[in-house]
Amino acid sequence: MDNNSWEIINKYFNGLTIGQQCQFKALGALYEDWNAKINVISRKDIDNLYEHHVLHSLGIAKVINFKPGTTIMDLGSGGGFPGIPLAILFPEVKFHLIDSIGKKIRVATEISRSIGLKNVSFAHERAEEEKAKFDFVVSRAVMPLGDLVKLARKNISPKQQNALPNGLICLKGGELEHEAAKLKDRSIFWHLSDYFSEEYFETKQVVFTAI
């Protein structure tokens with residue numbers, strides 16, 4: 001299978017509606033077009049969009065099935081990861097994507113609009129500026145885990161509605177033992193290689209930390 005084909009999504013998430021399939025299919029051309037204007041994905045890596053970015057983002061959906069009405073902030077979303085793929089998969093969940101770099105959040109906004117996502121909002125701001133409360137904060141390796149916890153703490157709602165307690169869900173790669181040592185008693189780790197067979201995921205993990 002071509003690792004830049006949307007079919008890799010269908011391989012692991014085969015209950016998609018026709019509408020969701022169309023939205024995932026559209027991401028390839030949209031990101032390729034926008035990335036030529038505003039670099040949000042490495043030029044070398046755009047050929048691996050579906051495997052390295054879309055499917056990686058959806059790794060979060062392998063460890064939690066968000067209930068309808070859940071609210072999620074994507075901290076440091078860049079061009080829309082993991083927020084946009086998750087918003088396609090969970091149309092009844094509300095996502096708020098923030099990034100401190102305006103041109104990146106513009107790309108995410110335009111792509112979201114192009115595929116007709118109704119459950120996302122966007123803000124060009126630093127994480128420190130966002131005051132709203134959410135069930136979860138998600139992020140894709142923007143900074144060390146401890147720093148993310150400090151930033152996200154003020155944004156976590158006390159009201160629980162999902163199988164996991166409210167908190168931070170991160171996509172991380174590499175060796176996390178040192179980084180997570182202080183948070184181990186309230187963190188859970190999942191290896192994405194347990195869910196996805198591609199070599200890329202051998203060092204990738206989903207980390208949940210209760211806040």
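Helix α3 is mostly covered in this predicted model, with 10 of its 10 residues buried. The buried set consists of Leu49, Tyr50, Glu51, His52, His53, Val54, Leu55, His56, Ser57 and Leu58. The elements against which these residues pack are the helices α1 (7-12), α2 and α4 (83-89), together with the strands β4, β5 (167-173) and β7.

Among these neighbours, α2 may be considered in detail. The axis of α2 (residues 18-37) comes within 11 Å of the axis of α3 (residues 49-58), and the two cross at roughly 130 degrees. Angles over 145 degrees would count as roughly antiparallel and those from 65 to 115 as roughly perpendicular; α2 and α3 are therefore oblique to each other. The crossing of α2 past α3 is right-handed. On the α2 side, the contact is made by Phe24, Lys25, Ala26, Leu27, Gly28 and Tyr31, which meet Leu49, Tyr50, Val54 and Leu58 of α3.

In soluble globular proteins, nonpolar side chains tend to be buried together. In this model, the largest nonpolar core contains 54 residues, and Ile9, Phe13, Leu27, Tyr31 and Ile84 are those with the most contacts inside it. Two of these names, Leu27 and Tyr31, also occur on the α2 side of the contact with α3. Leaving aside residues up to four places away in sequence, Phe13 touches Leu55, Leu58, Ala61, Lys62, Leu89 and Phe196; Leu55 and Leu58 are among the buried residues of α3. A second, separate core has 17 residues, including Leu75, Val149, Leu151 and Ala152.

Two loop residues complete the account. Glu198 is located in the loop between β6 (187-191) and β7 (204-210). Its relative accessibility is 15%, and the limit for a buried residue is under 20%, so Glu198 counts as buried. Apart from residues up to four places away in sequence, Glu198 touches Ile8, Lys11, Tyr12, Glu51 and Leu55.

Phe134 belongs to the loop between β3 (120-124) and β4 (136-140). With a relative accessible area of 7%, Phe134 is likewise buried. Its contacts, again not counting residues up to four places away in sequence, are with Thr71, Ile72, Met73, His96, Asn155, Ile156 and Ser157. Val149 is 15 residues from Phe134 along the chain, and the C-alpha atoms of the pair are separated by 14 Å. Val149 is itself included in the second core.

Technical notes: Residues numbered from 1 in each chain as written. Predicted model: local features only at pLDDT ≥ 70, side-chain atom pairs only at ≥ 80, totals over all residues. Heavy atoms only, no water. Axes fitted to C-alpha atoms, helices over the stretch in contact; angles between N-to-C directions. Helix = DSSP H or I, 4+ residues; strand = E, 2+ residues; numbered from the N terminus. Parallel < 35°, antiparallel > 145°, perpendicular 65-115°, else oblique. Left-handed = near helix turned anticlockwise from the far one by under 90°. Contact = heavy atoms within 4.5 Å. Buried < 20%, exposed > 50% of the residue type's maximum accessible area, 1.4 Å probe, protein only. Core = buried A, V, L, I, M, F, W, Y, C linked by side-chain atoms within 4.5 Å.
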